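This report looks at how a few side chains sit in a protein chain and which partners they meet. Please keep the structure beside the text while reading.

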Amino acid sequence: MTDPAPNPSLSILLVEDHPDTALAIGNLLAMMGHTVQSADSVEAAVRVVIGNRFDLIISDVGLPDGNGVSLMHGIRPFCDTPAIALTGYGGDDDVARCLRAGFNRHLTKPVGARQLGEAIAELQERA
């Protein structure tokens, strides 16, 4: 299998409350050529989304003041930005719950660079 075509540079909101994970994923996305802004809670993410435009949202599901599902419910009325759930919960029910909430893709941690790049490319092709 060949590597996916390089993605155009995207503005990405990364919602992750674990500092080391946020740093690692943020650095990976930056190495892919993307601009990354981070938020560490549902409340912070909603505030950031209200004042900015993003090409993609990547969000952990377990957050200190809610979860990715509550984040999607909070922003979907005014924001249709594609979103990827990035979580340690990978059961069929977890995937279905995330997709119903408004995520476009679900990836289970740990996620590799190739898998993340392919998911981003897939969402860009759909746009």
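With a relative accessible area of 12%, H106 is buried, where buried means under 20% relative accessible area, exposed over 50%, and partly exposed in between, for a 1.4 Å probe and protein chains only. The model is predicted, so that local features need pLDDT of at least 70 and side-chain atom pairs pLDDT 80 or more, while totals for chains, interfaces and linings use all residues. Residues are numbered from 1 along each chain as its sequence is written, and side-chain values use heavy atoms, leaving out hydrogens and water.

H106 belongs to strand β7, residues 105–108; strands (E, at least two residues) and helices (H or I, at least four) are DSSP runs numbered from the N terminus. The side chain of H106 comes to 3.0 Å from the backbone oxygen of Y89.

The structure holds eight salt bridges, each a side-chain nitrogen of Lys or Arg within 4 Å of a carboxyl oxygen of Asp or Glu. Three of them are listed here.

| Pair | N to O distance |
|---|---|
| D60 and K109 | 3.4 Å |
| R105 and E122 | 2.9 Å |
| R126 and E122 | 2.4 Å |

R126 and E122, by contrast, both lie in helix α5, four residues apart, about one turn of the helix. D60 is buried at 7% relative accessibility, whereas K109 is partly exposed at 26%, and E16, D60 and K109 are linked in a network of salt bridges.

Note on methods. A polar contact is a pair of N or O atoms within 3.5 Å; within protein, one must be able to donate a hydrogen and the other to accept it, and residues adjacent in sequence count only if both atoms are side-chain atoms.
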